[in-house]
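Hi everyone, thanks for coming.

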Amino acid sequence: MVYIKSENEIDLMREPCKIVKDTLAFIGSKIQAGMSTKEVDELVERYIRASGAYPSCLGYGGFPASACISVNETVVHGIPSEDILLKEGDIVSVDLCAYKNGYHGDACRTFKIGKVSEELEKLVQVTEECFFKGIEGLKAGTPLYDIGYRVQKHAESHGYGVIRSYTGHGIGKEMHEDPSVPNYGRAGTGMRLKAGTVICVEPMIAQGNWRVKILPDGWTAVTVDGKCAAHYENTLVVREDGVEILTL
Ligand code: MF3
Ligand code: CO
């Protein structure tokens with residue numbers, strides 16, 4: 001069931017969402033070649049806790065860290081490790097959640113380590129564009145799958161694959177609420193979104209095709225073809241006349 005938030009609840013969500021935004025900006029200023037993804041995770045955890053929030057990925061479904069840190073061919077849910085060292089030319093998505101005031105905020109950015117290839121520059125840029133294309137024209141009354149339709153159209157126009165097995169989602173008192181927000185779909189279909197719906201739109205876009213497999217750790221999702229993937233996510237409120245992005 002989709003839970004429509006009151007203005008008061010949306011106000012309560014602003015704080016965890018701002019903490020997510022600020023944490024990602026902080027990480028963007030620190031992340032560099034030579035760091036392990038474990039060190040990045042420690043910075044995330046410290047920053048979120050110092051902001052008076054809880055890093056709600058930690059322990060979620062048994063996830064062992066505060067951020068999902070996914071390098072190159074890892075699509076999502078990379079487990080931070082002292083053995084994974086960032087190097088020049090990598091792309092690394094940092095996906096994190098903060099819990100405060102009884103609500104979650106959730107966002108992801110894909111960072112470039114030093115100078116990356118032109119191909120990866122473009123992948124990261126187009127993935128971000130997919131988010132903004134996806135929410136173009138979005139407002140109360142928009143059919144849910146219009147979002148995925150727009151994301152898919154933009155990604156595929158560049159020859160990229162849209163990840164199918166992970167989707168965006170509603171968010172609030174729970175990190176994952178209804179509705180599921182796929183990044184592919186048919187225009188004009190799905191429920192009509194109501195004002196006050198809070199969702200995460202999060203295109204996960206692959207250089208090659210969309211097939212992913214999960215490593216034996218039970219979390220890390222990598223592309224089957226070994227090509228790179230990027231991820232970009234924000235938490236937003238559907239409004240009568242548009243959207244309000246809470247993590248930007
Ligand atoms: N932040 C992720 C999302 O976009 C969820 C992470 S799953 C976890 O939905 F288990 F790592 F928390
Ligand atoms: Co999310």
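Predicted model: local features only at pLDDT ≥ 70, side-chain atom pairs only at ≥ 80, totals over all residues.

Let's start with the metal. Who holds the cobalt ion (ligand 2)? Its coordinating residues are Asp106 through OD, His169 through NE2, and Glu202 and Glu233 through OE, at 2.0 to 2.4 Å. If you like to read along the chain, these donors are spaced as D-x62-H-x32-E-x30-E. Asp106 sits in strand β4, while Glu233 is in the loop between β12 (229-231) and β13 (234-239), so this pair ties together parts that are 127 residues apart in sequence. Asp106 and Glu233 are both buried.

What about the geometry? There are six donor atoms around the cobalt ion (ligand 2), and because they subtend angles of 51 to 174°, the arrangement is irregular. For comparison, ideal angles for six octahedral donors are 90 or 180 degrees.

Now the largest pocket, with a volume of about 310 Å³. It is lined by 20 residues, and the closest to its centre are His77, Asp95, Met175, His176 and Glu202. You'll remember Glu202 as one of the cobalt ligands.

Last stop: Val116, in the loop between β4 (103-112) and α3 (118-134). Is Val116 buried or exposed? It is buried, with a relative accessible area of 4%. Leaving aside residues up to four places away in sequence, Val116 touches Gly89, Asp90, Ile91 and Glu121. The C-alpha atoms of Val116 and Gly89 are 4.0 Å apart, although 27 residues separate them along the chain.

Methods: Residues numbered from 1 in each chain as written. Chains lettered and ligands numbered in written order. Heavy atoms only, no water. 1 Å grid on protein atoms, 1.4 Å probe; cavity = no way out; pocket = protein on both sides within 12 Å on 5 of 7 lines; lining within 4 Å. Points joined across faces, edges and corners; volume = space filled by probe spheres on them. Helix = DSSP H or I, 4+ residues; strand = E, 2+ residues; numbered from the N terminus. Buried < 20%, exposed > 50% of the residue type's maximum accessible area, 1.4 Å probe, protein only. Contact = heavy atoms within 4.5 Å. Donors = N, O, S within 2.8 Å, 3.2 Å for Na, K, Ca; no water. Tetrahedral: all angles 85-135°; square planar, octahedral: opposite > 155°, others 65-115°.
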